[in-house]
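Visitor: Please pick one part of this model and go through it closely. I would like each cut-off stated where its term comes up.

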Amino acid sequence: MGRIPLVLLACGSFNPITNQHMRLFELARDHMHHTGRFQVVGGIVSPVSDSYGKRGLVPAQHRVAMARLALHGSGWVTVDDWESRQPDWTETVVTLRHHLQKLLGQQPSAADLQMPHSSLEGSSEPPQLKLLCGADFLDTFRVPGLWRAEHVEELVGRFGLVCVSRGDLQADRAVHESDTLFRHRHNIFLVREWVRNETSATEIRRALRRGLSVKYLLPDAVIDYVREHQLYTWQSEQRNKDAVLRPLGQQGAPSEPLNDS
Amino acid sequence: MYFLQQPKKTKVVLLACGSFNPITNMHLRMFELARDHLEDTGQYEVVQGILSPVGDGYEKKGLIEASHRGEMAKLAAESSSWIGVDTWESRQANWLETVKVLRHHRQELLSREPDTDVVGTAKAGRKRKRMDASNEPRLMLLCGADMLDSFGVPGLWKPEDIEEIVSSYGLVCITRGGSDPEAFIQGSDLLWPHRHNIHVVREWVANDVSATHIRRALRRGHSVRYLLPDPVYIQERRLYTTESEQRNPGVVLAPLQKHAGRHE
């Protein structure tokens, strides 16, 4: 029985992309490969669209451009701007469905063995697409109104998660505390990053606002791009300051009535 | 009309001694953090950074050849406009105390031609014994909090060396999670008088990605991409293996050997 060809999809702001983001892919690939059951054949970075409404989000064209610069020499991870080009924010499962469709459309048919898709050749297993994420992502399932129950079910049941976290059992606890996640625990792969590496995009934006160095936290080409376009400033961090995150608005979360008394 | 005289900034050169086995993004970050911190005080201008890999005589477990470590450091620092590598220490036959490395580099700085604004008037090759005192850059030792903590390890440092480092040179110490440099300085009668010469730089976000971690990942065939500037050199030569980690097993670190028999 051959290994299952696997593609990892990471959705997120990538505001900006950092070495830490790219590490997630590397760690996930090593882990899934070492299970003996998977052959990781690709990785996709899918930056969220501007309509997500997150604070400090700079235009998608920049975030996509920076991700492409960062992943230029990667060899297996690419950037896809489909999600960022959608008119409205796209639910994660919709993005996953789109990419799985694309992936399955590429699979050579049994009758046509000359197809130049070497990564899918020789495997009798259909390719799978799993969502790559951090431990914080699992906790978002608990936020009221942020996820539709049927989407969580489809996400972990049909697709699956590869969740990279610190060695602090946060992810394990999240799986334990959710019946949906627990039911699909065999499709949730927890990858440990034993050393702390908390240099997040938030920290990087903070450093940039303050004129501090971010060298060696993200690729030089991305730093140059940020400087050239003067992307991360106090002003840019004020974007969407009072906005409601799109998923909360769209999925009809009950809003607090104005308390006028 | 008043012209406010800007206080003259002290030029600083940062020297980092270490195994760099291998060099990591974290090592290079130390320089960047140190420079930002010092310049933020308004009193300093950091003009140069020097990576000085330790010689093979240090005999630390898992230490690979200095030639490789120096080359990797050079490749890593290539994209920097101000950080470079000096292999003098690594080419010495025996291990050298840190203070000797500092003395060597200070001597080098003093005998360098002064910067001139007019190109071509500096006479090439002429050594000047004494530089204009106001121009002389201050050489400071850049280190992590673990090095500061190591001052407390019996037999590892000579007290007179610590004294010389913190009085004649200066220390820039980058914190790591779990250490408290200020408390350590507070508790040390040797360091306390020179506390103004010890700059503690707080790294607010934890970044524990160490060379040890990287060597472990390499032994296990895991990716180290994005943890160091470019892992290609290591990968092409398969430098870090189970075998390489067994080098110098159970050997007493050179500094401890040298001071064996000294009693506090």
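Guide: Two strands are said to pair if DSSP finds at least two bridges between them. Strands (E, at least two residues) and helices (H or I, at least four residues) are DSSP runs, numbered from the N terminus. The model is predicted, so local features need pLDDT of at least 70 and side-chain atom pairs count only at pLDDT 80 or more, while totals for chains, interfaces and linings use all residues. Residues are numbered from 1 along each chain as its sequence is written, chains are lettered from A and ligands numbered from 1 in the order in which they are written, and side-chain values use heavy atoms, with hydrogens and water left out.

A:C163 stands opposite A:L190 in β6(A). The strands concerned, β5(A) (residues 161-166) and β6(A), run parallel and are joined by 6 bridges. Strands of a sheet pair through backbone hydrogen bonds, either parallel or antiparallel. The whole is an open sheet of 6 strands in chain A, paired in parallel in the order β3-β2-β1-β4-β5-β6. β3(A) (77-79) and β6(A) (188-193) are the edge strands; each has a single partner, so one side of each has no neighbour in the sheet. From one strand to the next, the twist averages 25°.

Helices lie across this sheet. α1(A) lies across β1 (4-12), β2 (38-47), β3, β4 (128-134), β5 and β6 of chain A and runs at about 155° to β2(A). α4(A) (residues 92-105) lies across β1, β2 and β4 of chain A, at about 140° to β4(A). These angles run from 0 to 180 degrees between N-to-C directions, the axes being lines fitted to C-alpha atoms, for helices over the stretch in contact.

Now the packing. A residue is buried under 20% relative accessible area, exposed over 50% and partly exposed in between (1.4 Å probe, protein chains only). A nonpolar core is a set of buried Ala, Val, Leu, Ile, Met, Phe, Trp, Tyr and Cys residues joined through side-chain atoms within 4.5 Å. The largest such core has 41 residues, of which A:L8, A:I17 and A:V45 touch the most other members. Its largest share, 5 residues, comes from α1(A) (residues 19-34). A:I17 touches A:M22, A:V45, A:M66, A:A67, A:A70, A:L71, A:L218 and A:V222, leaving out residues up to four places away in sequence; contact here means heavy atoms within 4.5 Å.

After α9(A) comes A:G211, with a positive phi near 70°.

A:L217 sits in the loop between α9 and α10 of chain A. A:L217 counts as buried because its relative accessibility is 11%. Between A:L217 and A:I204, 13 residues apart along the chain, the C-alpha separation is 7.9 Å. Leaving out residues up to four places away in sequence, A:L217 touches A:T18, A:N19, A:T199 and A:I204, and also B:R29 and B:N207 of the other chain.

Chain B has 11 helices and 6 strands, and 49% of its 264 residues count as buried. Among its contacts between residues at least 6 apart in sequence, 77% join residues at least 24 apart. In chain B, β1(B) (residues 10-18) and β2(B) pair in the parallel sense over 9 bridges, with B:G18 opposite B:P53. β2(B) (residues 44-53) is mostly covered, 8 of its 10 residues being buried. B:T98 lies in helix α4(B) (residues 98-110) and is buried at a relative accessible area of 14%. Leaving out residues up to four places away in sequence, B:T98 touches B:C17, B:L141, B:W157 and B:I165.
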